[in-house]
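Please consult the sequence and the model shown below while reading.

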Amino acid sequence: HYPCKEKQDLYKKYREQGYNAQDANRMANDELKQRRRNNSSGSNGPNITVDSYYNMSHDPNVSGQAHHLSQDAAFSDVIPHSEGLCVELSGNAFYEVGSAHYNAHNSMENFWNSYRRGGDLYGQRPTIGQYNQALYNSLKSAGLSNANAAYAVRQAYSQQSSYGLKNTSFVPRIPGRINQRK
């Protein structure tokens, strides 16, 4: 492998997914760093599982909650609930303040609030690319490494695009507030 070519390919992939140059460069660097760490530890890839909600919710080895990457309340008109890709996050999204799952949803709530009544972008819907950037940030808020968050977002985008959604498409629906405990 030639790291320069590998980085160029990753950068190009992220740009094609709609990320701006700065984010694409950062995500490519993060993924390369994670690959190097994985290769030096004998691992071949990210150390996070991304699977359907159905599989994760029925897996006895999953001790946390299955967290939809394409938030069910926003995407369920397009991606069936049970097929939506998830990662395992610890804690309850509504009342376990400070848990990984709570933090991920709190980050997404801040993103969605701009598009809800009273927000600066009320009446508009974000693009898939904007959503996926917010998803990346929310996974980082949950404690995922840059590389694992980037891997999860790539998997989410792959599923979104398989259902006909592109980075320039609009998110199907703005979800209502989840009213997390403070």
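Leaving aside its neighbours within four places in sequence, with which residues is Glu83 in contact? Glu83 touches Ser52, Gln159 and Tyr163, where contact means heavy atoms within 4.5 Å.

The model is predicted, so local features need pLDDT of at least 70 and side-chain atom pairs count only at pLDDT 80 or more, while totals for chains, interfaces and linings use all residues. Residues are numbered from 1 along each chain as its sequence is written, and side-chain values use heavy atoms, with hydrogens and water left out.

**Overall architecture**

- The protein contains 7 helices and 3 strands; helices (H or I, at least four residues) and strands (E, at least two) are DSSP runs, numbered from the N terminus.
- Read from the N terminus, the order of elements is α-α-β-α-β-α-β-α-α-α.
- Of the 182 residues in the protein, 46% are buried; buried means under 20% relative accessible area, exposed over 50%, and partly exposed in between (1.4 Å probe, protein chains only).
- Among contacts with a separation of 6 or more, 66% are made by residues 24 or more positions apart.
- The accessible surface of the protein comes to about 9,500 Å², and carbon and sulfur atoms hold 46% of that surface; the areas come from the Shrake-Rupley method with a 1.4 Å probe, and for residues only the protein chains shown count as cover.

**The sheet**

- An open sheet is formed by 3 strands in the order E1-E3-E2, with antiparallel pairing; two strands pair if DSSP finds at least two bridges between them.
- The edge strands, each pairing on one side only, are E1 (51–52) and E2 (65–68).
- Strands of a sheet pair through backbone hydrogen bonds, either parallel or antiparallel.
- E1 and E3 (residues 85–89) run antiparallel and are joined by 2 bridges: Asp51 has Cys86 as its bridge partner, and Ser52 stands opposite Leu85.
- E2 and E3 also run antiparallel, joined by 4 bridges; on this side, Ala66 stands opposite Glu88 in E3.
- E3 is mostly covered, with 4 of its 5 residues buried.

- Glu83 belongs to the loop between helix H4 (72–75) and E3.
- With a relative accessibility of 38%, Glu83 counts as partly exposed.
- Glu83 and Ser52 are 31 residues apart along the chain, yet their C-alpha atoms are separated by 5.0 Å.
- A polar contact of 2.2 Å joins the side chains of Glu83 and Tyr163; such a contact is a pair of N or O atoms within 3.5 Å, and within protein one must be able to donate a hydrogen and the other to accept it, with residues adjacent in sequence counting only if both atoms are side-chain atoms.

**Helix H6**

- The 14 residues of H6 (residues 128–141) should span 20 Å at 1.5 Å a residue, and the end C-alpha atoms are 20 Å apart, which agrees; the expected span is 1.5 Å times one less than the number of residues.
- H6 is largely enclosed by the rest of the structure, because 10 of its 14 residues are buried.
- The buried residues of H6 include Ile128, Gly129, Tyr131, Asn132 and Leu135.
- Just after H6, Gly143 takes a positive phi of about 105°.

- The protein has 5 aromatic pairs; rings of Phe, Tyr and Trp (its six-membered ring) pair if their centres lie within 6.5 Å, with planes under 30 degrees apart counted as stacked, over 60 as edge-to-face and the rest as tilted.
- Phe111 and Tyr131 form an edge-to-face pair, with 6.5 Å centre to centre and 70° between the planes.
- Phe111 lies in H5 (residues 100–113) and Tyr131 in H6, so this pair ties together parts that are 20 residues apart in sequence.
- Both Phe111 and Tyr131 are buried.
- The rings of Trp112 and Tyr131 form a tilted pair, because their centres are 5.8 Å apart and their planes at 40°.
- This second pair also links H5 to H6, so it ties together parts that are 19 residues apart in sequence.
- Trp112 counts as buried at 0% relative accessibility, and Tyr131 is buried at 1%.
- Ring pairs link Phe75, Phe111, Trp112, Tyr115 and Tyr131 into a cluster.

**Surroundings of Gln71**

- Gln71 is placed in the loop between E2 and H4 and, at 9% relative accessibility, counts as buried.
- Not counting residues up to four places away in sequence, Gln71 touches His105, Met108, Trp112, Tyr131 and Pro175.
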